[in-house]
Amino acid sequence: MTEQPASFGVELRRRRTDAGFSLATFAKQVHYSKGYLGRIETGEKPATLDLARRCDAALEAGGALVALVPKEAATTGESSDPPAMATTEPDSEVWVMTMEPDGSSRLVPMRRREALAVGAASLLGLTLGSQSSAAAAQQDSTIVAFKALFEQTRQLGQITGPSVVLPTVIAQTHTLRGLATGADSRSRAELLQLAARYAEYAGWMTQEAGDDRGALWWTRSAVDMANAAGDTELSTYALIRQALITLYQDDAASTIGLAQQAGSDPRTPARIRGLAALREAQGHALACDYDQTQRSLDLAQELLADSADKSKDGVVTGSASVTSTRLQAMVAGWCLHDLGRPQQAGDLLDQQLNAIPDSARRTHARFGARRALAYASAGEVEHACTLAHRVLDSAEVVDSATIRVDLRRLTRTLARWHSHQPVRDLYPRLNAALRTPIG
């Protein structure tokens, strides 16, 4: 038996008795059985992070109880160090997309020299450096058309999975970068700036496909192109994107650190700093620090209220499916669950999700999964199952690795009521969505 369960149990019992709670009363408050909590306090069972968050909130421990529960290796699969951004030096690794006749595609990593050799043998005379490409690069209408295509692609990403969106995004990224090579200085900057937007979105879709390493590579590529265009805004936003990866790894310290770095420069546009404050709030919530979470949420609300959604190139930075105000409120609901306040989280997410367009299926699935998890954590099992069926209607379409993180958490939470008929009815769909057996 490890020391961790006993030390957590001893501290939980001390704080519970000091607060005047009987074991039975406290069990009702955190929605766990009296017998289970008793075994936690005696060290017979290890504490889960979910239980620690609820106990921490109920006893106002300020994260002290959560700190006694180490990250589960099975959940993160990563070290506590933030992932390093991949480089794109001339002889570095590149990702080559292969397309099959049946419409499937995949990304294959290889050394740049190998990719050039393979590409030179397979291009069959097709080049981007033609006279027509150079002429297209000089026309303002080319930029307008590619921007419109980008917005349509992001809308497509709300209703389909990464496998549908990524081939188009990657192809357009490389096309724009190719056009930029033959353009004058003004057009080159605009083309590279837009190519960077495509590459950043490719990074997001790659993360949704479950490939964090590839996501960082695309994000780094986006930063390189944006810097070449004289746009430093995307470099800062890349830190927020990197913090999203550490957030889903349950790495609170790295999430907070990256977000603080992104929001530290007052010259950074207010929207970017507002988005950084939201990510920082999520990191503080992971650490169960209620006061710091609220400070970050308040700062985000202030910054986002005074900012324009679109950046200087006319493209929305971050989520384009919801307004800044609504995004702040939904992230607040997200944080409340991690802070051990599931009922408040569910109530707030109810208010916000009802106003999200049905077409934003990825957004509905993401925050809807968190809402179902909140109600399950609050002991409202039947309602949680009803909500989960709605979430799966969208999750099955958008195919998101990050959404599956909360679906796995939901599965573990509902396992305590595995004999309930609503849970039994839900499990087959959860099984299919997770693509792994549910124990």
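Author: This is a predicted model, so local features need pLDDT of at least 70, side-chain atom pairs count only at pLDDT 80 or more, and totals for chains, interfaces and linings use all residues. Residues are numbered from 1 along each chain as its sequence is written, and side-chain values use heavy atoms, with hydrogens and water left out.

Start with helix 2, residues 23–30. Helices here are DSSP runs of H or I, at least four residues, numbered from the N terminus. Leu-23, Phe-26, Ala-27 and Val-30 are buried in helix 2. Buried means under 20% relative accessible area, exposed over 50%, and partly exposed in between, with a 1.4 Å probe and protein chains only. Viewed down the axis, the buried residues of helix 2 fall within an arc of 105°, so they line one face of the helix. That arc is taken from the directions from the helix axis to the C-beta atoms. His-31 follows helix 2, and its phi is positive, near 65°.

Now the loops. Asp-250 sits between helix 12 (233–248) and helix 13 (252–262). Its phi is near 60°, positive in a residue other than glycine. Asp-250 counts as buried, at 13% relative accessibility.

Asp-399 lies in the loop between helix 19 (381–398) and helix 20 (401–414). Asp-399 is not a glycine, yet it has a positive phi of about 50°. At 22% relative accessibility, Asp-399 counts as partly exposed.

Technical notes
Helices (H or I, at least four residues) and strands (E, at least two) are DSSP runs, numbered from the N terminus.
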